[in-house]
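This report describes the fold, the packing and the model confidence of one protein chain. The sequence and the structure are shown below.

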Amino acid sequence: MKKAATHAVIELYWLVGPLVSNQSNRISTEEVMQCYYHPSIEAVATCTNCGKAICQTCSVDVAGRITCQKCLSLGSQTRFQAQSTKPTNTLAIVSLVLGILGLCGGLPFAIVAWITGHMARKQLLENPNQEGLQLANVGRGLGIAITVLNCVTVACVIVIFLLYMLGYLLEPPSY
Ligand SMILES: [Zn+2]
Ligand SMILES: [Zn+2]
């Protein structure tokens, strides 16, 4: 519980920090402070998270903000992971490409686009760390539309053919 509260404070600091703590980032040269973690070494900065004086070795520059190693390992790591660009789901791309190929007249492509689009959607809904849901939706939509259109066309051809055969059987052409 206490740990969670500490974490919340750190998170809050990360949100509010950029607004208030730009000046306190670097220590002025007149002040002589020792590193919190290395009492024998002179500090060069203060941590923007916990405010502790830290030496060159302890300070980590993350996107222009000085952070101590401890704070970095505490909470900010997950933050930076979340901020980094998400990888796009491969199946979603495959689905979209196949959907477009299907649009050019390839029924097998369309069917595979449908399947891969469906799989990509499932993967993306389970794993929010990936992008490409829209691609998967478009790929799957194209796949379904083209497959259904093709099936309808084939069905029509078959029905017309059967009707023709039926008519031929019922009324054989007289010679
Ligand atoms: Zn710190
Ligand atoms: Zn240090």
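A nonpolar core is a set of buried Ala, Val, Leu, Ile, Met, Phe, Trp, Tyr and Cys residues joined through C-beta atoms within 7 Å. The model examined here is a predicted one. Its largest nonpolar core has 16 residues, and those with the most contacts inside it are Ala-92, Leu-98, Phe-109, Ala-110, Ala-113, Ala-120 and Ala-136. Two or more residues of this core come from each of H3, H4 and H5. The greatest contribution is that of H4, with seven residues. A second, separate core comprises 11 residues, including Ala-43, Cys-47, Ile-54 and Cys-55.

**Helix H3 and its surroundings**

Helix H3 (residues 90-103) has 14 residues and reaches 20 Å from its first C-alpha to its last, close to the 20 Å expected at 1.5 Å a residue. Its buried residues are Leu-91, Ala-92, Val-94, Ser-95, Leu-96, Leu-98, Gly-99 and Gly-102, and they pack against helix H4 (107-126) and helix H5 (133-170). Phe-109 touches Leu-98, Leu-101 and Gly-102, when residues up to four places away in sequence are not counted. Gly-105, which follows H3, has a positive phi, near 110°.

**Overall architecture**

The secondary structure consists of five helices and four strands, arranged along the sequence in the pattern α-β-β-β-β-α-α-α-α. Of the 175 residues, 25% count as buried. Among contacts between residues at least 6 apart in sequence, 45% join residues at least 24 apart.

Strand S3 (residues 59-62) and strand S4 (residues 65-68) run antiparallel and are joined by four bridges. One of the paired positions is Val-60, whose bridge partner in S4 is Thr-67. The two strands S3 and S4 form a hairpin with two residues between them, and Ala-63 in the turn has a positive phi of about 50°.

**Confidence of the model**

The mean pLDDT of the protein is 81, and 74% of its residues reach 70 or more. The table gives the elements at the two ends of the range.

Technical notes:
Residues are numbered from 1 along each chain as its sequence is written. Chains are lettered from A and ligands numbered from 1 in the order in which they are written. This is a predicted model: local features need pLDDT of at least 70, side-chain atom pairs count only at pLDDT 80 or more; totals for chains, interfaces and linings use all residues. The expected span of a helix is 1.5 Å times one less than its number of residues. A residue is buried if 20 or more other C-beta atoms lie within 10 Å of its own, exposed if 12 or fewer, and partly exposed in between; C-beta atoms are placed from the backbone. Two residues are in contact if their C-beta atoms, placed from the backbone, lie within 7 Å. pLDDT is the predictor's confidence in each residue, from 0 to 100. Two strands pair if DSSP finds at least two bridges between them.
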